[in-house]
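Subject: Structure handover

Hello,

Here is the structure I said I would pass on. My notes on it follow below.

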Amino acid sequence: MTIVLRHLAAGLIMLFVIAGSAMAQDDGIHRLALQISDNDPQKMTTVLNVAANVTRHYQDQGEEVEITIVAFNAGLHMLRDDTSPVLDRLRSFDQSMPNVSFAACGNTIDAMAKREDIEIPISAVAERVPAGVVELMTLDETGWTIVRP
């Protein structure tokens, strides 16, 4: 009988934990994280197109959406002032879509700086995060939808 009660109590605790975390994100705001990890201008353009299309969709519905684009590995070139093929569009996003943010992987920045022996110039629209993959994991754990277009 004691084992059954322990399992029942553990199950109830898990139910409250799961319900509590779901309720924490139940604010009506849609959340999308887009991953870019390739130095491919077409993929970078696709990521930006997805962000724009999702923003437009939810705005047309009268709903809110937060989008973060997380760049790591070779995808960091998207956010580099010196190598980004989409730099003008990033600046346009910064002005016209305040719901879209950009995260630059600190591990990748450090590795590129060491390999290239220069300070890596990251666009002012981006925020440096310690690790891009960890950022995606954290976002996923807090209810964000993760997509790699």
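Of the residues in the largest nonpolar core, which touch the most other members? Ile69, Met78, Leu90 and Phe102 do, in a core of 28 residues. A nonpolar core here is a set of buried Ala, Val, Leu, Ile, Met, Phe, Trp, Tyr and Cys residues joined through side-chain atoms within 4.5 Å. Buried means under 20% relative accessible area, exposed over 50%, and partly exposed in between, with a 1.4 Å probe and protein chains only.

Before the rest, some notes on the source. This is a predicted model, in which local features need pLDDT of at least 70 and side-chain atom pairs count only at pLDDT 80 or more, while totals for chains, interfaces and linings use all residues. Residues are numbered from 1 along each chain as its sequence is written, and side-chain values use heavy atoms, with hydrogens and water left out.

Confidence. The average pLDDT (the predictor's confidence in each residue, from 0 to 100) is 87, and 83% of the residues score at least 70. Residues 1-24 have a pLDDT below 50, and this stretch has 0 contacts (heavy atoms within 4.5 Å) in the model beyond near neighbours in sequence.

Layout. The protein has 5 helices and 5 strands, in the order α-β-α-β-α-β-α-β-α-β from the N terminus. These are DSSP runs, numbered from the N terminus: helices are H or I with at least four residues, strands E with at least two. Of the 149 residues, 36% count as buried.

At least two of its residues come from each of strand E1 (30-36), helix H2 (41-60), strand E2 (65-71), helix H3 (87-96), strand E3 (100-105) and helix H4 (106-116). H2 supplies the largest share, 5 residues. Leaving aside residues up to four places away in sequence, Met78 touches Ile36, Met44, Val47, Leu48, Ile69, Ser84, Val86, Leu90 and Phe102. There is also a second, separate core of 9 residues, among them Val70, Ala103, Leu136 and Leu139.

Strand E1. Of the 7 residues of E1, 6 are buried. E1 runs parallel to E2, joined to it by 7 bridges; strands pair if DSSP finds at least two bridges between them.

Regards
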